[in-house]
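Here is my note on the model, point by point. Please read it with the structure open.

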Amino acid sequence: MSSATYQDVPAASNGYGRLLLAGLQLDGWLASIVVAAWLVSYVAVASFANAREMDFAGFALAFVTLTLPVLVLAVTTVRFVRLAVYERPAHPLSALAKDVWGYFKSPARLASGLPMVLSLSLLIEGFSRVKYNIPVIRPFDWDVTFNDLDKTIHFGTLPWEWLQPVLGFPLVTFLINVNYNLWFIVMWCLWAVLAFTLEPNATRMRFFLAFILTWAVGGGLFAVLFSSAGPCYYALIGLSPDPYTPLMDYLNRVNEIVPLWAIDTQMMLWQAHIGEQNMVAGISAMPSMHNASALLFALVGWKIGRRVGLALSVFAVLIFIGSIHLGWHYAVDAYLGWAITLLAWWICGPIARWNQRQPWTQSFLALLKTEPRPAA
């Protein structure tokens, strides 16, 4: 599309439709990358005669049903923190309700945010399709290698054995599990902050482009190449002796004392894997996308502010510890995930700065200046 086409967007807005068109132009090329990645995932899976079928319409409905409440919760959380730290209103609840309502009805925010969120939703669907079919494409055959590699590079001791004397207490394990489950909320909070920003900038584009690249390469290509189940499934996939039996016995004992969602989730995923539950799920250890994404959260956090960067760095460290202590991952799963993230972040920096100078971005920013400015 030529520069002239983007400049056809008038200086004065004619409403949400005009803004949304400009928003689609703003993120159109990034959405095209997502669509291309989704098509690759679809064709790759469909090329296997015994591929597990995935109902796109059903997945989309389930995803939207889950996404909308989580998006509202994420926005409410972010806006609550902002009000509590910066504004401290006399009537917090009414102020929060008014603020969140204004946030969601802002044409400027919706125009920049909706195309991005829809693109990321399609990316997650493609990732889920591949993950669901990893055992079909390539049976788990790397677990022994990663277990041995973990032991070799950690001086003859498995990482969970290093952590157990320090973390092996029910309350500590429970809190680590709570933090691990917060990963999904943290991701959505960052999506809400960056996707629905009033003035899209290079940091926003760098984050989303790196997110897409990390998940396409790590969660797609490398997950298939290094097909592995993870420590919690070591014995279940027929490997013996199982060096993770003491860890899993401990986690099951903790689950009898306090709720340990990791155990229930691991069993649910296994039941889906062997066909005992009719649900779209998947098992994949290498690379760890929890750890890869948590590092990306920290990197963009430092661009947002020092306190945010520090908080998300601590969060990333706790995700790493939790991924090992809860039996989800080998440590090397995280190391490869981090390497992919750092490379993606480095590659996407110049691209994001280039995009910020392009006519479609400048046109959208100019259009926003004509709009009534909502709260930051």
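**Notes on the fold, the helices and the surface**

1. Ile 351 counts as partly exposed, at 31% relative accessibility. Here buried means under 20% relative accessible area, exposed means over 50%, and partly exposed is in between (1.4 Å probe, protein chains only). Ile 351 sits in helix α16. Helices (H or I, at least four residues) and strands (E, at least two) are DSSP runs, numbered from the N terminus.

2. A word on the basis. This is a predicted model, in which local features need pLDDT of at least 70 and side-chain atom pairs count only at pLDDT 80 or more, while totals for chains, interfaces and linings use all residues. Residues are numbered from 1 along each chain as its sequence is written, and side-chain values use heavy atoms, with hydrogens and water left out.

3. Ile 351 is one of the residues in a nonpolar surface patch of about 570 Å². Patches are made of residues with over 30% relative accessible area and no salt bridge; like charges are joined within 9 Å, and nonpolar side chains (Val, Leu, Ile, Met, Phe, Trp, Tyr) within 5 Å. Accessible areas come from the Shrake-Rupley method with a 1.4 Å probe; for residues, only the protein chains shown count as cover.

4. Now the whole protein. It has 17 helices and 0 strands. Of its 376 residues, 48% are buried. The accessible surface comes to about 17,800 Å², and 68% of that belongs to carbon and sulfur atoms. Among contacts with a separation of 6 or more, 83% are between residues 24 or more positions apart. Contact means heavy atoms within 4.5 Å.

5. Gln 25 and Phe 364 are 339 residues apart, yet their C-alpha atoms are separated by 8.4 Å. Gln 25 is in helix α2 (residues 16-46). It counts as buried, at 15% relative accessibility.

6. Which helices cover the buried residues of α15? They include α8 (159-167), α9 (170-181), α10 (183-195), α12 (245-257), α14 (289-304) and α16 (331-356). Helix α15 itself (residues 306-325) has 20 residues. It reaches 29 Å from its first C-alpha to its last, close to the 28 Å expected at 1.5 Å a residue. The expected span is 1.5 Å times one less than the number of residues. Buried residues in α15 include Gly 309, Leu 312, Phe 315, Ala 316, Ile 319 and Phe 320. Just after α15, Gly 327 takes a positive phi of about 80°.

7. Helix α8 has its buried residues on one side. They are Pro 159, Trp 160, Leu 163, Gln 164 and Leu 167. These residues cover an arc of only 125° around the axis, which puts them on the same side of α8. The arc is that of the directions from the helix axis to the C-beta atoms. An α-helix has 3.6 residues a turn, so residues three or four places apart point the same way. The buried residues of α8 pack against α7, α9, α12, α15 and α16.

8. Check the backbone in the loops. Phe 155 has a positive phi of about 60° although it is not a glycine. Phe 155 lies in the loop between α7 (143-153) and α8, and is exposed, with a relative accessible area of 73%. The peptide bond from Ser 240 to Pro 241 is cis, with omega near -5°. Pro 241 belongs to the loop between α11 (202-225) and α12. A cis peptide bond also joins Met 286 and Pro 287, with omega about -10°. Pro 287 is in the loop between α13 (261-273) and α14.

9. How many salt bridges does a search of the whole structure find? It finds 2. A salt bridge is a side-chain nitrogen of Lys or Arg within 4 Å of a carboxyl oxygen of Asp or Glu. Arg 79 and Asp 99 form one of them (2.6 Å, N to O). This pair links distant parts of the chain, with Arg 79 in helix α3 (residues 56-87) and Asp 99 in helix α4 (residues 92-104), 20 residues apart. Both Arg 79 and Asp 99 are buried.

10. Asp 141 and Arg 138 also meet in a salt bridge (3.1 Å, N to O). Asp 141 is partly exposed, with a relative accessible area of 43%. Arg 138 is partly exposed too, at 30%.
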